[in-house]
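Visitor: I would like to learn how to read the surroundings of a single residue, and then those of a ligand. Could we go through one case of each?

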Amino acid sequence: MTAMTGKQAMMEMLLAEGVKYIFGNPGTSEGPILDALEDYPDLQYVLASQEGAAMGMADGYSRATGQVSFVNLHIETGLANGLSLLHNAKEGGTPMVVTSANKDIRKLAEGRSDLSEMVRLFSKWSVEVTEPSQVPGIMRRAFTEAKTPPTGPVYVGFSANALDGMAEMQIVPSAEGYFRIPPDEMAISDATDMLVKASSPVLIVGDRLSQSGGVEEAVRLAESIGAKVYATSYSEMNFPTDHPLYFGLIGPGTPHGRSVLSENDVVIAVGTNVFPGFFYFEGHALSDETFLIHIDSAQREIGKSEPTDIGIAADPKKALQELNESIYASITGTYREEVKGRMSHIKKEGGEPESQISPSNAGDSVPDLNTLMSAEDMMQEVAKILPDDVVIADDSVTSRQAIHSAMNFNKPGSIHGERGGALGWGMGGSLGIKLAHPNRPVVAIVGDGSAMMTVQSLWTAANLDIPVVYIICNNRSYRILKLNMDVYKNEVLQEETPTSKYLAMDFPNPMPLARIAEAMGVYAKEIDSIEDIAPALTTALQLGKPAVLDISIDGSV
Ligand SMILES: Cc1ncc(C[n+]2csc(CCOP(=O)(O)OP(=O)(O)O)c2C)c(N)n1
Ligand SMILES: [Mg+2]
């Protein structure tokens, strides 16, 4: 035991946990933390000028390193600004410890906010430290909670007296953590029986598959049973996109997704919520004739809303390894021939991947921007220049499909994307990814609406000279809202002749992202013709400094 202040214990615990960066924006209440930090040069404070930028950076850093990131915001006011992207971290399962300091506990009668209550809905665990002696134990638990699957963000508040007070303390970090929880043997045997009897099995993958490092095992499973593969999200590299069995993103919660899935006799979902979707549609996603197997490290997600025949709570990689072995041991030569036939049939049928977004046929908008390049053309051009070792931060919203048409993702960690629904992830997210991979080029592809939401990230990029190349998909609109208005009118309201004025979805005054970047000291270029993309991107990648290419693209629907 050593006598120290709570704020010192906080710093010692950060070092013991292997933390390098504190992402944040401070206030008066965080003064004690910054005071203590002066004695800890190995901990770098990464200053954001808006909390959304700090949260994005921490999220990107965690996902690119696989480690718990650390955020420090200001009391309730700064913390409130961070909640939007905290929601994303919770939905996506990003391991993160978010903190802020609070007024002295003795000011209870005067009114001090209950910070842990404020953040409870947005976090995996939420608590406030009110005594210095609590600091090491609570920090240890916070890191443990964050990294234990299903991973996620936790919140710790620190009252002023806990930071300034002294106590005898022992600094012990969280345990390494062995999370490869094996599946139940009986479940593997039942799943094997169901899968080898299936005539059209389908595999659906989500981020917890890639988080477990199980993509190779998923490929092996798909190949051994001849399953078409869809991804519910591609915010992590969940399946090699050029694999002949990969059919792209699917919205299993939409009528289109439901009908695609229900044509099959067995659906096996791995590491994904079953099934995410925005709108309410009556009934279940799968028809009564379709069996569902669900493998997940997030036990609570199994059987949550969709009737499930075989639920397997386990580490996805470990469960797939055992399932593959079990299938291998039980199949016959005839089965192999059957799978071969099915595979060639799938490949023959295989056309364009399913779009995540339903095609639009509503509205009276005439594409008046014919002269502008399409997102598809833009991405083809971008793809020609991107180096092999690039990491993409994808916050491109409706341009996502164009990214996937132009580029293949075959290496784990080659792409990280927005997840959870809150706009504004990519601007900061890409900076966190770059801090995690200083020797790899990092390119953020971001919608104009999303870029504007956390445009302050450009200031951090300039201030700390973090060389991310931003490509803005400037379509002068919240285009996704138009597409979803169409879905609402066509599929939810089922209007016969749907029209919409798409109120509050257009930017008659375009978001001037290149000019904002320049004003913040970031190299920037406005681009509206396709031939300018290659030279500008080449320059931007060689610059060794942050850069913004603000590209005008067609935003019509
Ligand atoms: C914090 C937050 N505010 C508002 C929204 C609602 N919203 C969802 S997508 C979107 C528009 C995205 O626009 P943009 O980034 O330009 O991409 P595009 O749809 O044009 O491809 C909006 C406003 C949200 N998801 N999160
Ligand atoms: Mg837009």
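Guide: Let us start with Asn-102, which lies in strand β5 (residues 96-102), where a strand is a DSSP run of E of at least two residues, numbered from the N terminus. This is a predicted model, in which local features need pLDDT of at least 70 and side-chain atom pairs count only at pLDDT 80 or more, while totals for chains, interfaces and linings use all residues. Residues are numbered from 1 along each chain as its sequence is written, ligands are numbered from 1 and chains lettered from A in the order in which they are written, and side-chain values use heavy atoms, with hydrogens and water left out.

Visitor: Is Asn-102 buried or exposed?

Guide: Buried means under 20% relative accessible area, exposed over 50%, and partly exposed in between, with a 1.4 Å probe and protein chains only. Asn-102 has a relative accessible area of 1%, so it is buried.

Visitor: What lies at the oxygen atoms of ligand 1?

Guide: A polar side-chain atom of Asp-448 lies 2.5 Å from an oxygen atom of ligand 1, and a backbone N or O atom of Gly-449 lies 2.8 Å from an oxygen atom of ligand 1. For Arg-479, a backbone N or O atom lies 3.0 Å from an oxygen atom of the ligand.

Technical notes: Helices (H or I, at least four residues) and strands (E, at least two) are DSSP runs, numbered from the N terminus. A polar contact is a pair of N or O atoms within 3.5 Å; within protein, one must be able to donate a hydrogen and the other to accept it, and residues adjacent in sequence count only if both atoms are side-chain atoms.
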